[in-house]
Every structure is written in C-alpha cells, then in structure tokens.
Amino acid sequence: MLEGIIRDSMTKQATKTLRRNGYLIANIYGKGLENISAAFKKNEFIKFLRNKETLAFDVNLSGNIIKVVVQEYQKCPLTSELLHVDLMVAQPGVKTSYKVPVKTTGIAKGLKNKGLLMIHTKRVPVKCTLENLPNNITLDVTNLDTGDNILIRDLTLPENVDCFLDPRVPVVGIIKAK
C-alpha cells in the first residue's frame, strides 16, 4: 500500500519545500467528496505504480485508506520529471470516466514489410463502474499489415463498459517506414 501525507499548507513556498525534499504533489478528488491535497515520496510512488496489478489501488493518508485511480499527471517539459498527479477516488457502484491503458500482443506482419507499429491511443477513455473496470485493453496485432489499423469500433469491451470516443479513431496501426 502506498503511504502519503496530507498537506496542511497550500502556499507556493510549502510546495517548493516538499518538492525539494523528494515529495510528489497530489490532488485526490471524487464525486460528492471534499478534495484532499496530499504528497507522496516520489520514488516510492513511481515504484508502486510500475508494480501495481490493477488500475485502482489503495493509498494510506494518515490512517485513512482510500481506493484511487490515476486520472492525470504533469511532467516538467525540460527534464520530464514528474511534478504533480491527479488521483480520483474510485467509488464502488458509481459510473465514472476512466482511462484504460492499451497493450499489444504478437508481432505484426507489417513489421517484416518495413512497417512501424504505432500506438495512436495509449489510454482509451471508458465510462463504467469500478466493478466492471478492465485493467487493460489487450489487442492482438499479428494480422496487421502495412496500412492496417485497429479502430475504436473494432475493440471488444467487457459488458457495461462504454467508450465515448468517435468509432473511427485509430488505436493501433502499422505505418510505412520512409
């Protein structure tokens, strides 16, 4: 479980001090809940996110255990250092928007024909309850040749999971290398 602290001061100076001490600034919010300003040790947060098995995970803030999902994060444009993260409280039974990561399996035919595998949409936005939330969307790309795409309409989503993107948006495709 990820340990964090609740921030009591929201001033610019306090935020700079926390970042200097190796903390990552976070906002935790949810439907009908009061926003929580928190901070996590940056290295622990990154290690935890790399090793987590599910999209939703538990955080411990001063003895309060909350189940959250990463909604968005901000990086420094120069150093690509993680600066800020938005965490949404995953409430059971409440239909909410989540961003589910896309994973590919297999080696595409188009790669042998001097093509490149392009993942156009890294995270697909879906609307569902926490109970129906898939951990990822796995796509088999073995039959894709140069110029082929897998579109949103080609995805097989679990029951009670809706994608609200345009059905013509490509998720994965093979482009011709120049």
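Colleague: How much area do domain 1 and domain 2 bury between them?

Modeller: About 830 Å², in this predicted model. Of that area, 57% is on carbon and sulfur atoms.

Colleague: Why quote an area at all?

Modeller: Because the size of an interface is often given as the accessible area lost when the parts come together.

Colleague: Where do the two domains run?

Modeller: The domain assignment puts domain 1 at residues 2-91 and domain 2 at residues 97-176.

Colleague: And how many residues does each bring to the contact?

Modeller: Domain 1 gives 12 residues and domain 2 gives 10. The C-alpha centres of the two domains are 28 Å apart.

Colleague: Switching to the strands. What order do they take in the closed barrel?

Modeller: The barrel has six strands, in the order E1-E3-E2-E6-E5-E4. The pairing is mixed. From one strand to the next, the twist averages 45 degrees.

Colleague: Take E4 and E5. Parallel or antiparallel?

Modeller: Antiparallel, over five bridges. E4 covers residues 57-61 and E5 covers residues 64-75. Asn60 sits opposite Ile65 in E5.

Colleague: What does helix H2 touch?

Modeller: H2, residues 42-51, packs on the sheet and touches E1, E2, E3, E4, E5 and E6. Its direction makes about 85 degrees with that of E3.

Colleague: Then which strands does H1 lie across?

Modeller: H1, residues 12-20, lies across E1, E2, E3 and E6. The helix runs at about 120 degrees to E2.

Colleague: Let's pick one residue. Where is Ile6?

Modeller: In strand E1. Ile6 touches Ile36, Ser37, Ala38, Leu61 and Ser62, leaving out residues up to four places away in sequence. Its C-alpha is 6.4 Å from that of Ala39, 33 residues apart along the chain.

Colleague: Now the largest nonpolar core. How many residues?

Modeller: It has 25 residues. Tyr98, Leu139 and Leu155 have the most contacts inside it. Strands E7, E9, E10 and E13 each give two or more residues to this core. The core also draws at least three residues from each of domain 1 and domain 2.

Colleague: What is Leu139 in contact with?

Modeller: Setting aside neighbours within four places in sequence, Leu139 contacts Val102, Lys103, Thr104, Thr105, Ile150, Leu155, Val171 and Val172.

Colleague: What other core lies apart from the largest one?

Modeller: One of 17 residues, among them Ile28, Val68, Val70 and Leu82.

Conventions:
Residues numbered from 1 in each chain as written. Predicted model: local features only at pLDDT ≥ 70, side-chain atom pairs only at ≥ 80, totals over all residues. Heavy atoms only, no water. Pairing = 2+ DSSP bridges. Helix = DSSP H or I, 4+ residues; strand = E, 2+ residues; numbered from the N terminus. Axes fitted to C-alpha atoms, helices over the stretch in contact; angles between N-to-C directions. Contact = heavy atoms within 4.5 Å. Core = buried A, V, L, I, M, F, W, Y, C linked by side-chain atoms within 4.5 Å. Buried < 20%, exposed > 50% of the residue type's maximum accessible area, 1.4 Å probe, protein only. Domains from an automatic or database assignment. Buried area = accessible area lost by both parts, 1.4 Å probe.
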